[in-house]
Amino acid sequence: QFAASLVLLVTVVSIKRQVHYVQTAELGFNKSNIVYVAARGAFSESYETVKHGLEINPEIIEVTAKNCLPSDWNQGLGVSTKETKDNPFLMEICRIKDNYLDMMDIRVVAGENISNYHDSLNYVMINEQAAISLGMDNPIDEMIFQGDDPYIVKGVLQDIRTKSLHNKVDPQVYRKLRRVTSGNVLMIRISDDTQTAIKAIKDMWQEVNPEHPFEYHFLDDTYDNLYQNEIRTGSIVTWGMCIALFLTMLGLFAMAKYSSERRTKEIGLRKVNGAELIDILMLLNKDFLKWVVIAFIVSIPISWYLVNSWLNSFAYRTNLSWWIFAMAGTIAIIISLATVSWQSYATAKKNPIDSLRYE
């Protein structure tokens with residue numbers, strides 16, 4: 001029971017630590033205070049007018065658009081260089097408005113933002129992973145192909161973790177979103193006055209899109225929802241650990257009571273011969289601590305294998321630190337001492353005369 005409890009305890013701590021890590025990890029862009037809505041009706045057909053109307057409100061900081069949410073894979077196409085045209089790489093094609101990179105705080109590590117150029121030019125940006133996949137050490141002003149269509153690379157973006165951290169960063173190509181259409185997404189950075197900002201967006205929606213219901217979402221909530229399975233797993237394992245620890249404590253208490261009653265005469269004789277209370281407690285506890293230590297040793301390889309196997313499902317993960325095992329062992333010893341000592345103390349406090357008469 002103790003070995004199972006320790007395995008569950010290590011698992012719970014590791015799951016919660018990993019979930020906290022993926023929810024707070026640096027993604028390479030700023031997802032806070034961003035509301036997004038589907039580009040429907042006038043929100044797509046009259047994008048520039050809607051964008052201007054929203055940005056007049058002081059609680060709306062900036063509005064931009066993308067072909068899909070950053071967390072979604074909307075369009076994947078084969079991309080190649082002249083040398084690799086017969087063996088293209090599947091890459092995510094991201095279509096963005098000119099201010100998208102600035103609003104999302106995405107860093108250009110080489111070259112420049114294609115927002116500086118006219119929409120008619122076939123200029124693109126790629127991320128660092130795409131440059132590696134294409135074998136391009138210096139991709140600026142080099143030509144790449146999307147199918148048979150040629151594009152010129154004008155900038156390289158920092159790799160950003162737009163998908164679940166179960167997966168490594170995808171190679172990405174960024175192109176201009178020349179026209180917002182239904183199915184695209186409007187992303188709106190708002191101030192800290194959330195309610196006022198949401199009301200402004202809703203009022204604009206109801207004014208230009210009365211035939212469509214208004215729905216909005218927060219981008220950071222969407223990213224948190226990527227890990228709901230892990231959060232649920234953590235909750236289930238936590239309840240299992242609590243039940244296992246409770247049953248273990250009941251078992252220890254029963255064993256301690258039985259052991260104390262069997263040794264009543266021995267305890268009385270030891271007290272008559274000058275044994276102190278602490279000596280009696282140590283005598284009664286040491287046998288139980290021995291089994292706790294054995295359970296701890298047994299639990300280490302089992303918990304390490306289970307947790308490490310689970311962590312390997314993440315491309316970005318925390319380390320399985322030694323202190324987690326040390327903490328689990330310490331908690332086990334404390335629970336054991338507290339449970340056994342409760343019964344042992346009552347036995348050790350008995351008057352030795354009563355103990356000997358009882359025998």
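This report walks through a predicted model of a single chain, from its overall make-up down to a handful of residues.

## The chain as a whole

Let's start with the big picture. The chain runs to 359 residues, and 45% of them count as buried. Its secondary structure comes to 12 helices and 11 strands.

Now for a pair of helices. In general, two packed helices are described by the angle between their axes and the distance between the axes. Here the pair is helix H3, residues 47-55, and helix H6, residues 194-208. Their axes come within 10 Å, with a crossing angle of roughly 145°. The crossing of H3 and H6 is right-handed. On the H3 side, the contact is made by Val50, Gly53 and Leu54, while H6 brings Ala200, Ile201 and Met204. Sorted by class, that contact has 5 nonpolar residues, 1 polar residue and no charged ones.

Lysine 51 also sits in helix H3. Is this lysine buried or exposed? Lysine 51 counts as buried because its relative accessible area is 15%, and the cut-off for buried is under 20%. Setting aside its neighbours within four places in sequence, lysine 51 is in contact with Val63 and Asn99.

## Cavities inside

The largest cavity has a volume of about 90 Å³.

Which residues line the largest cavity? The lining is made up of Ile114, Tyr117, His118, Asp119, Leu121, Asn122, Tyr123, Val124, Tyr151, Arg175, Lys176 and Arg178. Two elements give two or more residues to this lining: strand S6 (123-127) and strand S9 (172-176). By class, the lining residues of the largest cavity divide into 6 nonpolar, 2 polar and 4 charged.

## Around strand S9

Strand S9 comes up again with valine 173, which is found in that strand. Valine 173 is buried, with a relative accessible area of 2%. Leaving out neighbours within four places in sequence, valine 173 is in contact with Val79, Met91, Glu92, Ile93, Cys94, Val124, Met125 and Ile126. One of these, Val124, is also part of the lining of the largest cavity. From valine 173 to leucine 157 is 16 residues in sequence and 9.5 Å in space, C-alpha to C-alpha.

Not counting residues up to four places away in sequence, isoleucine 160 touches Leu27, Gly28, Phe29, Ile106, Val169, Gln172 and Tyr174. Isoleucine 160 and proline 70 are 90 residues apart along the chain, and their C-alpha atoms are separated by 9.8 Å.

## Two loop residues with positive phi

Backbone angles are next. Most residues other than glycine have a negative phi. Asparagine 33 has a positive phi, near 55°. Its place is in the loop between helix H1 (2-24) and strand S1 (34-38). With a relative accessible area of 28%, asparagine 33 is partly exposed.

Aspartate 105 also has a positive phi, about 55°, although it is not a glycine. You'll find aspartate 105 in the loop between helix H4 (100-104) and strand S5 (108-111). How accessible is aspartate 105? Aspartate 105 is partly exposed because its relative accessible area is 47%, and a residue has to be over 50% to count as exposed.

## An exposed isoleucine

Last stop: helix H10, residues 277-311, where isoleucine 297 is found. Buried or exposed, which is isoleucine 297? Isoleucine 297 counts as exposed because its relative accessibility is 52%, and the cut-off is over 50%.

Where does alanine 3 come in? Alanine 3 and isoleucine 297 are 294 residues apart along the chain, yet their C-alpha atoms are separated by 8.3 Å.

Technical notes. Residues numbered from 1 in each chain as written. Predicted model: local features only at pLDDT ≥ 70, side-chain atom pairs only at ≥ 80, totals over all residues. Heavy atoms only, no water. Axes fitted to C-alpha atoms, helices over the stretch in contact; angles between N-to-C directions. Helix = DSSP H or I, 4+ residues; strand = E, 2+ residues; numbered from the N terminus. Left-handed = near helix turned anticlockwise from the far one by under 90°. Contact = heavy atoms within 4.5 Å. Nonpolar A, V, L, I, M, F, W, Y, C, P; charged D, E, K, R; others polar. 1 Å grid on protein atoms, 1.4 Å probe; cavity = no way out; pocket = protein on both sides within 12 Å on 5 of 7 lines; lining within 4 Å. Points joined across faces, edges and corners; volume = space filled by probe spheres on them. Buried < 20%, exposed > 50% of the residue type's maximum accessible area, 1.4 Å probe, protein only.
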